[in-house]
Structure formats: structure tokens, C-alpha cells
Amino acid sequence: MLKRSIVLGTGSYLPERVVSNDELAERLETSHEWIVTRTGIRQRHIAANSEMTSDLALIAAKRALEEAGVAASEVDMLLLATTTPDQTFPATATKVQGQLGMTNGAAFDIQAVCSGFVYGLAVADSFIKSGQAETIVLIGAETFSRILDWKDRGTCVLFGDGAGAIVLSAVENSEDTMQTGGPRDNRGRGVLSTHIHSNGNTNELLYVDGGPSSTQTVGQVRMNGREVFRYAVNNLANIVYEAMEFNNLVVDDIDWLVPHQANKRILDSTAKKLGLSTDKVIVTLDRHANTSAASIPLALDEAVKDGRVKSGDLVLLEAMGGGLTWGAGLIRW
């Protein structure tokens, strides 16, 4: 019998230090009003010098496991979506695995930039459906502040640091009890589908100008904002339609859209193109900024904790990032 992935718990972590727009304006040719008008961002969290991506990921994972009521010894896979690993190798996921006390299975990193968490969901769901894993911790964690050019107001004002995590578990479809009888609920709880894409011909639109095999440096973020915006609105709307069509649903069936938190104008334009009420869009961008692979699990955890996302809700995750990569995941909560 086919298995399904259900979400048992969520968790997140934001570094203590908060950097306001006004603080950035003290050293950049910008202002609070300029940043808010163009991005919707009012502040961002920045990791302390002593904090690494693994530190943020570890706390988020522990909190998700605690909410799920799952011990680390029960986890048989750990996936970490990140663009800012602690080291070139080994995978930062293995470091978190060791710190958690996870003794079974495997751990590895996933690199799809801002789409990393959705890519990770696709990988995790596939492992569970194939029977190769029973319990998976999926984390999105970034210290994006480490790869920013703090003199470039076009990029450095956009990003922040943070981590979010979920615990996924395998259940038999026959064990699911969350059906309510309507056609939109006829397959019950869990991950209904995932959809991922990339276009390598757009590599130059959003990238870091460094790397071990090219410059032997870490490099800094470079972006063609106008073109990224254009691709984002089209790709994000299309991926939502793809997920809806695949599941024989319509956009109105969505209870909550949890998008990658890149830019408020992108979020609003995507919702408008879809004909989706902005009241259904989870937004944390104003307080978190763009935390890359961490943005979706951070927003999801907040919405679960404050009671907006409830059992039985249809939740759509969607993201686009450097590559360009983009994807969506549909979950019956």
C-alpha cells in the first residue's frame, strides 16, 4: 500500500540581533521609506559572529522534533536546504545530524537557493513514498548575511538570517482519518504533490560571484532585480496552476499560500495574477526579510503557532530562487 508524508511538527529560529532599515540607512544611500516602498521589508535578523548555519538549523530542528513528539533516534533522514553551508564539505546536514544525536539513516544538503525548502520537500516526500524513510527532518537554514556586499543597496537590504524545520512521517493512506467528504478532501492529510523546475540559461540573473572551482573565494550576491521580478511573477503563478491542475483543484480551494518571502511586490503581483485574496497569503517578509531557503519554513511555523493554519487546511508552498529554480508543494494539513 502506498505511503503518504504527513507533517508532525514545525519549528524555527531567528538570531537575536535585529537590524532596522534606519540602521542600514546610516551607512548606505537609502532610507526606511525607500526600502519599504520597494520591498516591504522593515527589519531583518542577522546571525552573531559566533553563529553558523548549523547552529540556526540545530535549534529549529530541535523545536520541530519537540512539537512532533519525536526523538532524534527515531529520525532516519535529515535534509538541510542551504546556500550558506558551514564548510565547502562535508555537508552541514551531517554536522546537524551529529549534534542532534541522530544515529540512523543519512543526512545531506540540498542547494536550490530560495527554492531549497520546496526542493527538499520533494526529495523527502519521494523517500517516504518509496518506503526508504519513515521519519524525516527537513530544514531550511541560512546565514545569508555572510555572502552580501554591504555596500550594494540593491541587494544587502533584501536579506536576513534564520532557520525553519518540519518533521515528516510516513503513514499508510488507509490510516488517514482527515477526510471530510468533499471532493477537495478526498485524499486526506499529507503532502499531496510537489512540483520542481529549473532553467540554467538564467544563471546570470541571480548568483554569487565566487566559488571553490572558479575564484577560490566565497563571493557575494549579484542580482538583476528587474529580470528576476519578471520571471518570479510568471513562474510562481504558473507553478501554482500546475499544482492545482495536477490535483484537480482550483485556486479558490487554497486556504493558505505560504510563499518564499522575497519582495512584497512579487507577493502582491502573484496573488493578483492568481486572483487569490491577499488575506490568504502568509507574509513575514516585513520582519524577516528574504531568508532564502529558510523563508518558507519560518513563515509556516509562525502561521501554525498563531493558529492560522489548522488541521484540514489546504496549504500551498511556492518559491523561486537562483538557477533559476522554482517549485511548489501542496499539503493537506
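Let's start with helix H8, residues 264-274, where Ile266, Leu267, Thr270, Ala271 and Leu274 are buried, meaning under 20% relative accessible area with a 1.4 Å probe, protein chains only. Looking down the axis of H8, these buried residues fall within an arc of 125°, so they line one face of the helix; the arc is taken from the directions from the helix axis to the C-beta atoms. Helices here are DSSP runs of H or I with at least four residues, strands are E runs of at least two, and both are numbered from the N terminus.

A quick word on the source: this is a predicted model, where local features need pLDDT of at least 70 and side-chain atom pairs count only at pLDDT 80 or more, while totals for chains, interfaces and linings use all residues. Residues are numbered from 1 along each chain as its sequence is written, and side-chain values use heavy atoms, leaving out hydrogens and water.

What do the buried residues of H8 pack against? They pack against helix H7 (225-246), strand S11 (256-259) and strand S12 (314-321), with contact meaning heavy atoms within 4.5 Å. After H8 comes Gly275, with a positive phi near 70°.

Now to the sheet. Five strands form an open sheet in the order S1-S7-S6-S4-S5, with mixed pairing; two strands pair if DSSP finds at least two bridges between them. At the edges sit S1 (3-13) and S5 (106-110), each pairing on one side only. Strand S4 (residues 77-81) runs parallel to S5, and five bridges join them. Within that pair, Leu80 stands opposite Asp109 in S5.

Conventions:
Buried means under 20% relative accessible area, exposed over 50%, partly exposed in between (1.4 Å probe, protein chains only).
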